[in-house]
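The following exercises concern the fold and the contacts of one protein chain. Each task is followed by a solution in steps.

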Amino acid sequence: MRAVLILLIAGLIVAHQDFWYWEDTTLVWGVLPMGLFYHVCISLAASLVWLIACTFAWPKGIDEFEEDSLDNSTGGAA
Amino acid sequence: MNGLIAAINDGQIRFLIILGYLCLLLVLGFFASRLFRGTKKDYLLASHSIGPFLLLMSLFGTTMTAFALVGSSGEAFRQGIGVYGMLASSSGIIHSLCFFLIGVKIYRFGRKYGYATQIQFFRDRLDSDLVGLLLFPVLVGLLIPYLLIGVMASGNVIEVMTAGAFPNIEMLQVFRPGTEEIDAAKSGAIPHDIGSLIVCGVVLIYVFFGGMRGTAWANAFQTTVFMILGVVAFVLLANKLGKGDTFFESLQNVTRSVDVDRLSRVDIPQTKFFTYMFIPLSVAMFPHLFQHWLTAKSAKTFKVPVIFHPIFILIVWLPCVLIGVWGTTLKLPPTFNANNILPYMVNKEIGTVMSGFLAAGILAAIMSSLDSQFLCIGSIFTNDIVIHYLGKDRFSDRSQIWIARIFVVIIVGVTYYLSTLGYASVFSMAVWSFSGFAGLFPIVFAALYWKRLSAAGAVSGILATFGSWYYLFRKSGFGEDADFVIALLGDDFPVMPVVPIFVCSLLAMVITTFLTSPPKDETVNRFFDSRQVG
C-alpha cells in the first residue's frame, strides 16, 4: 500500500504542474476558468488521496507507547 | 434606535463591530481559562486533550494568516487565477503531507519523551546540545518577521476600516502630502500603532490566561469567523456585481466580464509556479505548529486535519481568488493598492456593516496565527533556555507556568515595539521567512526517517540554510527585489529563492553526515524501533 500511496502523491505533484492548461481561458459552466477549475479538482483529489492514506496506510502501532511526563524529558539534557 | 444609528458614522459602526468582536474573544479566553488545570503541561499543550475537530480548526487557523483573505484576493487582482494553483492547491497537497509524514511521528515522540518544543526533540534525537543552541536563534529569528507581519497588518486593517470614525479629534487628522488640507478619507481613524497595540493586548490576555487551550478555542472560533465571512462576501458580491436572476447566473455574468488575461496564467512563469511548491514545506518546521501537533488527544486525531485541510483551503481561497479577478473589472486608479481590493469591494458594493464584519474576519485570520506564535516563543524561552540551562529541579511546575507567561508578555512587548519602527518591506519578508523554514525541512525529515543522520550533518544543514538564506536575502536588497532568476543553458528561469536554500541545506546535511561518525546505537534505538512505526 505504501508504494501505491507514494505513486498517488507523486501523481498529484506532477498533475499540479498543468502547463497544458496554462493559457486556456475556457469557462467551465460559464463560471470557473479552466486553470482554476483544474486546481479546484486538484484540491479535491488531494483530500481523496489523504483519505486513502489515512484509511489504508495509517502507521501501525503509532498510538502504542509508554507515555513519559513533560518533567521527565531529558530534552537533550545539557 | 434608528436615531441612534443615524447619529453614528460609518467609521464608528465598523469600529464598534471590531470592538465587539475583540470583546467576544476576551470572553472566550475567559471561559477557556476556567478550564485551566494549573499545570505546565496544560498551559503549553492543553494536556494533550484536543480532539479532531478542534485540531483541524487550530491547525488550519494557524497556517492561514491575513494573506488567506487579503493577500489571495490582492494577488489574484494582480496576477489572475493562477494564484490559486501557486499557493492554495499546492498547500493542500504539501501541508497535509507534512502533517501525515512529520506531524504524526513528532506527536508520538513528543508524547513518549515529553517534549514541548522542537529544540527538545532535536537535542534528544541527535544527542547534541549544539543543535539546540543553533536552532534557537534561527527559529526565533525566522519567526519574528512572521509575527511582525501579523501585528502590523492588524494595525493597518483597523486604521483603514475606522477612517472617519472620529473626525473631530485633532490629533487624528491627516493632511494631504505637502499641503495643509485635511484628507477627510483618512482622517479620524484609529492610528495603526494603536490598532496594533489593541490587537496585541487582546491576544496577550487570552494567551496569558488561557494558555494553549485558550489559543486552540480562539483559533477554532476565529477560523469559523473568517471562513464564513469569506463565503458570505463572495455570495453578496457575486449577486451585486453579476445582477442575475439567480446566484448562478450572477456568477456567470460577473466572471464573463473579466479580462481573459486574468482568467489564465500568462503572467506567471512556469518555473516560478513549480518552485512555489517548496514554500509550504515550511509548515514542517514552524515551531508553533509543532506545539499544536502535541496538543492532539491521540495520533488518530490527525486523520481529520490531514483529510480536510485541502478542502478548507479551497473554501477560503476559491471565493477570494474569484473576488480578486472580479476586482479587475472595476475602474480603479493605477496607484490602487491591490491588497485593499477585498475591503474596498465589500465596502463599496455591500456596505458599512458587512465591511465591519469583514474587518473582524481579517483580524480573526491574523490573530489565529499570532496567538500560537506568541505562546510558542514563550515556550521555547522557558524550556530551551531557562529550564534547560538552569535546571528543571530549580523550578516548580507553577513557577514554570509563570516563567512562560512572563516570556509571552516580553515577546508581545518586543514585537509591538519592532512593529512601531515601521519596516516598509516587512510584507515581502513573509516569503523569506517561509523560505528559511522550508530550507530546514530536510533536517526534520532526515531526523525522523534516516537513522544515519549525524549531529554534525544536522549542524551543517542548519548553517547552510542560514548562510544561503542570508546571502540571497542580502542579494535581494533585504527583500526589496522579489525576482530571483537561475540562468541555465543560455536561458533565464525565474524561481523562488527557497530552491537554492533547500538544495544547500540538503547537500550540506547529506555530505557531512557521510563524512562523520554515525550516531550511537543507543540514541538511534530510541527513535527507530523494531516495529518500524511510520
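**Exercise 1. Describe the overall fold of chain B.**

Step 1. Of the contacts in chain B with a separation of 6 or more, 85% join residues 24 or more positions apart; a contact means that two C-beta atoms, placed from the backbone, lie within 7 Å. The model is predicted: local features need pLDDT of at least 70 and side-chain atom pairs pLDDT 80 or more, whereas totals for chains, interfaces and linings use all residues. Residues are numbered from 1 along each chain as its sequence is written, with chains lettered from A and ligands numbered from 1 in the order in which they are written.

Step 2. Chain B has 21 helices and two strands (DSSP runs numbered from the N terminus: H or I of at least four residues for helices, E of at least two for strands). The radius of gyration of chain B is 24 Å, close to the 24 Å of the globule rule for 534 residues, so the chain is as compact as a globular protein of that length (taken over C-alpha atoms; the rule is 2.2 Å times the number of residues to the power 0.38).

Step 3. Buried residues make up 58% of the 534 residues in chain B (buried: 20 or more other C-beta atoms within 10 Å of the residue's own, with C-beta atoms placed from the backbone).

**Exercise 2. Determine how H6(B) and H13(B) pack.**

Step 1. Helix H6 (residues 82-113) and helix H13 (residues 303-327) of chain B pack at an angle of about 165 degrees, their axes 9 Å apart (axes are lines fitted to C-alpha atoms over the stretch in contact; angles run from 0 to 180 degrees between N-to-C directions).

Step 2. H6(B) and H13(B) are therefore roughly antiparallel, a term for angles over 145 degrees.

Step 3. Among the residues making the contact are B:Gly92, B:His95 and B:Phe99 of H6(B), and B:His309, B:Ile313 and B:Trp317 of H13(B). By class, this contact has 13 nonpolar, five polar and no charged residues (nonpolar: Ala, Val, Leu, Ile, Met, Phe, Trp, Tyr, Cys and Pro; charged: Asp, Glu, Lys and Arg; polar: the others, Gly among them).

**Exercise 3. Characterise the side of chain B that touches chain A.**

Step 1. The contact takes 59 residues from chain B and 42 from chain A.

Step 2. H6(B) gives the largest share of the chain B side, 16 residues.

Step 3. That side has 28 nonpolar, 17 polar and 14 charged residues.

**Exercise 4. State how many residues of H18(B) are buried, and locate their partners.**

Step 1. In helix H18 (residues 441-449) of chain B, seven of the nine residues are buried, including B:Phe441, B:Ile443 and B:Leu448.

Step 2. The buried residues of H18(B) pack against H6, H7, H17, H19 and H20 of chain B.

Key. Parallel < 35°, antiparallel > 145°, perpendicular 65-115°, else oblique. Buried ≥ 20, exposed ≤ 12 C-beta atoms within 10 Å, placed from the backbone.
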